[in-house]
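Please read it alongside the sequence and the model.

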Amino acid sequence: MNDSTADKDNESVASQNKTEAAESPSTQDPERSDLPGRHSADAGPDAAGGSPEGGSAAPAADNAAAAAPGADDAETSDATANHDTSAGPDQASSAAAADTTDTERNDSPVAAGSSDVSLSTAELPQQHRDEESERRAAERDKAVRAKPVLARVVQLVAAVFFPVIVLAGAVRLITTPAFLWLEYHRPGFPDDRFGFGLEERMTYGSYAMDYLLNFAPAQYLGGLVNAAGDPLFASDEVAHMTDVKMVMQLTLLAAVALVLLETAALIYLARRYPGGVRRSLFAGAVITLLLIIAIAVLAILGWQQFFAAFHSIFFADGTWTFAASDTLIRLFPGQFWIDSGIAVAAVVLVVSTLTLAFTWPTKPRRDRTRYRY
């Protein structure tokens, strides 16, 4: 009896609570009910889905809030409530933040002029690129126009070394048995009127050529004998060839040193002075051409005087004159020295002309020099 009476009392209390909940506008704070999804986030998943203790109080409160005066549009509120209930607290908060951000973007004055802002932003890097290009071009022009003292000195030295190197190389090119063979076999070369045949000339002349370039003592020539057993070269001839050997080897040694210095100078100019290599080689080729033209003119005007003056520079007087019957004159007559001079001039002209052709200061080459640095 007591148990049934208690159950009836509990049912009466629950029915009364439901009636009060239906008649009440809202059991929540008005400010909290105005915010879509706020109560769902605060209540948590238990309130959204109903709890054993609270029964259906949370859904009733949502319906009351939707029908309360002063709320937003009914359809908007229903959609918001349904979204909050199905999406959960985190997604509801993200959706509310996205809606707020879209509203702020639409109301912002920057949105109306977004195209102008984008245009100015795109133009700004281009302007910076143009300024950077102009700055680099100015630096290149300044580097080209700059004339550092050391680089100018190195350029001048390289230009002066060039003709010496070319002349020494040309002389070394004809001081070979190959050139001797060409001379003895060319048409019109004078024969030896004292009896040397072609084979004897080639044999004895090759000995003389080799002696100039090897490190053998004077006995290399002094010990040679002819068919009769007599010494082939007289003592004064051997002495003169020894002097020639010393001059030749010193000249070639100096030329090798100049080649090394020239290479170092050109490397320095290539790294430190734009266009320095081209200018030094061009100036050196011009100097070489002028020098060889002057020498050729002097030789043509008076060969005997030129030959004597040339020998007097390197040898003492009386040590380089011989009789026509001496072996040196029979092996190397006057025509041989004329041909040798022509061969040296030809080699120098070819090398200098090619150097001028490859270093001539044309506009494209000047432009390459300018924009290389």
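Helices are DSSP runs of H or I with at least four residues, and they are numbered from the N terminus. Under this numbering, α17 gives the most to the lining of the largest pocket, with 9 residues. The model is a predicted one.

## Overall composition

The protein has 18 helices and 0 strands. Of its 373 residues, 26% count as buried. Among contacts with a separation of 6 or more, 75% are accounted for by residues 24 or more positions apart.

## The largest pocket

The space in the largest pocket is about 1600 Å³. Its lining comprises 46 residues, and those closest to the pocket centre are Phe307, Phe310, His311, Trp337 and Ser340. Two or more lining residues come from each of α9 (149-174), α11 (198-213), α13 (235-272), α14 (276-301), α15 (303-314), α16 (327-331) and α17 (334-359). Sorted by class, the lining holds 37 nonpolar residues and 9 polar ones, with no charged residues.

His311, one of the residues closest to the pocket centre, is placed in helix α15. Is His311 buried or exposed? His311 counts as buried because its relative accessibility is 10%, and buried means under 20%. Apart from residues up to four places away in sequence, His311 touches His240 and Trp320.

## The largest nonpolar core

The largest nonpolar core has 46 residues, of which Phe233 and Phe332 touch the most other members. Two or more core residues are given by each of α9, α10 (177-185), α11, α13, α14, α16 and α17. The largest share, 7 residues, is that of α9.

Which residues does Phe332 touch, not counting residues up to four places away in sequence? They are Leu180, Tyr184, Gly205, Ala208, Met209 and Trp337. Trp337 is also among the residues closest to the centre of the largest pocket.

Tyr184, a contact of Phe332, is placed in helix α10. At 8% relative accessibility, Tyr184 counts as buried. Leaving aside neighbours within four places in sequence, Tyr184 is in contact with Phe189, Leu198, Arg201, Met202, Gly205, Leu331 and Phe332. Gly205 is therefore a contact of Tyr184 and also of Phe332, as contact means heavy atoms within 4.5 Å.

## Further residues

Pro333 is located in the loop between α16 and α17. With a relative accessible area of 14%, Pro333 is buried. Beyond its neighbours within four places in sequence, Pro333 is in contact with Phe189 and Pro190. Phe189 is also listed among the contacts of Tyr184.

Ser280 belongs to helix α14. Is Ser280 buried or exposed? Ser280 is buried, because its relative accessible area is 1%, and the limit for buried is under 20%. Its contacts, with neighbours within four places in sequence left aside, are Gln155, Ala158, Ala159, Leu266 and Leu269.

Val351 lies in helix α17, and at 32% relative accessibility Val351 counts as partly exposed. Leaving aside neighbours within four places in sequence, Val351 is in contact with Phe162 and Val166.

Tyr220 lies in helix α12 (residues 219-222). Tyr220 is partly exposed, with a relative accessible area of 27%. Once neighbours within four places in sequence are set aside, the contacts of Tyr220 are Tyr207, Asp210, Tyr211 and Asn214.

The table lists C-alpha to C-alpha distances for pairs that include residues described above.

| Pair | Separation in sequence | C-alpha distance |
|---|---|---|
| Pro333 and Asp192 | 141 residues | 8.8 Å |
| Tyr220 and Asp210 | 10 residues | 9.5 Å |
| Val351 and Ala170 | 181 residues | 9.5 Å |
| Tyr184 and Glu199 | 15 residues | 9.6 Å |

Of these pairs, Tyr220 and Asp210 are also in contact.

Key:
Residues numbered from 1 in each chain as written. Predicted model: local features only at pLDDT ≥ 70, side-chain atom pairs only at ≥ 80, totals over all residues. Heavy atoms only, no water. 1 Å grid on protein atoms, 1.4 Å probe; cavity = no way out; pocket = protein on both sides within 12 Å on 5 of 7 lines; lining within 4 Å. Points joined across faces, edges and corners; volume = space filled by probe spheres on them. Nonpolar A, V, L, I, M, F, W, Y, C, P; charged D, E, K, R; others polar. Core = buried A, V, L, I, M, F, W, Y, C linked by side-chain atoms within 4.5 Å. Buried < 20%, exposed > 50% of the residue type's maximum accessible area, 1.4 Å probe, protein only.
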